[in-house]
Amino acid sequence: MTGETLVLSILLFGIGAAGFVVRRNAIIVLMSVELMLNAANLAFIAFSRQHMDVTGHIYVFMIMTVAAAEAAVALAIVVLIFRARRAVNLDEINLMKG
Amino acid sequence: MIQAIFFYIFATIAVAMALLVVSAKNPMRSALALTGCLLAVACIFALQSAHLMALLQILVYAGAIMVLILFVIMLLNLSPRELGDRRISVRRVTGAYLIGATATLLIIRVTKHFWEPASSLEPGFGTIQEVGRVLYTQYLLPFEMVSLLLLAAIIGAVVLTRKEKGDGQ
């Protein structure tokens, strides 16, 4: 079961990363990040079950908390950018010429 | 056996929903698909006997975080024009191909490895009691630091979105 779960984790991470690269809507990019974090969680859970060690669950707990904090701050930034420039398209947000 | 069947059902749902997340034009659709994907992954957590994490996944991820994202999507209420068209550039397609190639290599590597079946399950593995015991003894300091991080995130979000007095609004 560990191998299959890891393959699923890689698939979800790949889909999330591809969405992060291809999509330009800031909210969808954020959701792609959540997808990638979730795939990492899945790998932690699979290894935790494989080695019978609860430490993997603690890591998942921490990742979930960090994801919640990240979502709160990132969405605040998206709202701010939308207020200032009426756009959530990342191509139009180029003040810093990055 | 029945575990494997359920695993494949939930894995298919998760991958299909994930594809919908990155391909849907409307962010609302992607958010709902992401909720479905997170719920399917929560079911797989439960299959891997991570009961507490499955519960937290549903409560925190599919509950709190997704409500926050849906709330912002509704708040912004984007018009079709503001959603923007999907322009395909060479760089982006190259990036997606590179990610696909890396994922394929990783999958080949993982499936080649022989995973010994996990040793017999200890009673209480993954329950609230067991995870809580480890969390509050061995990992107490990281736990407290994470609560500080959450506090900082709350304050940061409030400060960022607050309107100053006389902001011209």
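Modeller: A disulfide is taken here as a pair of cysteine sulfur atoms within 2.5 Å. The model is a predicted one, in which local features need pLDDT of at least 70, side-chain atom pairs count only at pLDDT 80 or more, and totals for chains, interfaces and linings use all residues, while side-chain values rest on heavy atoms, with hydrogens and water left out. Residues are numbered from 1 along each chain as its sequence is written, and chains are lettered from A, with ligands numbered from 1, in the order in which they are written.

With that cut-off, a search of the whole structure finds zero disulfides over all chains. The sulfur of Cys37(B) has its closest cysteine sulfur in Cys43(B), 11 Å away, which is too far for a bond. Accessibility is classed by relative accessible area, buried being under 20%, exposed over 50% and partly exposed in between, with a 1.4 Å probe and protein chains only. On that scale Cys37(B) is buried at 0%, whereas Cys43(B) is partly exposed at 30%.

Side chains of opposite charge can pair when their charged atoms come close. The rule for a salt bridge asks for a side-chain nitrogen of Lys or Arg within 4 Å of a carboxyl oxygen of Asp or Glu. Between chain A and chain B the count is zero, and over all chains the rule gives one salt bridge. That salt bridge joins Glu130(B) to Arg133(B), whose closest N and O atoms are 3.0 Å apart. Both residues belong to helix α6 of chain B (residues 128–137), three residues apart, or about one turn of the helix; helices here are DSSP runs of H or I with at least four residues, strands are runs of E with at least two, and both are numbered from the N terminus. Glu130(B) is partly exposed, at 21% relative accessible area, and Arg133(B) is also partly exposed, at 47%.

The interface itself can be described by contact, meaning heavy atoms within 4.5 Å, and by buried area, the accessible area (1.4 Å probe) that two parts lose on being put together, summed over both. By contact, 67 residues of chain A touch 76 residues of chain B. The buried area between chain A and chain B is about 6,600 Å², and carbon and sulfur atoms give 79% of it. On the side of chain A, Met31(A), Met52(A) and Met64(A) lose the most area to chain B, together 10% of what that side buries. Helices α1 (2–22), α2 (26–51) and α3 (55–85) of chain A each supply at least two residues to the side that touches chain B, and α3(A) gives the most, with 23 residues. By class, this side of chain A has 43 nonpolar, 15 polar and nine charged residues, where Ala, Val, Leu, Ile, Met, Phe, Trp, Tyr, Cys and Pro count as nonpolar, Asp, Glu, Lys and Arg as charged, and the others, Gly among them, as polar.

Polar contacts are pairs of N or O atoms within 3.5 Å; within protein, one atom must be able to donate a hydrogen and the other to accept it, and residues adjacent in sequence count only if both atoms are side-chain atoms. Across the interface this rule finds seven residue pairs, with both residues at pLDDT 80 or more.

Gln57(B), in helix α3 of chain B, is buried at 0% relative accessibility. Its side chain makes a polar contact of 2.9 Å with that of Asn38(A). Leaving aside neighbours within four places in sequence, the contacts of Gln57(B) include Asn38(A), Asn41(A) and Met64(A), as well as Leu38(B) and Phe45(B).

Thr65(A), placed in helix α3 of chain A, is buried at 10%. With neighbours within four places in sequence left aside, Thr65(A) is in contact with Val146(B) and Leu150(B).

Met52(A), already named for its lost area, sits in the loop between α2 and α3 of chain A and is buried at 11%. Its phi is near 55°, a positive value in a residue other than glycine.
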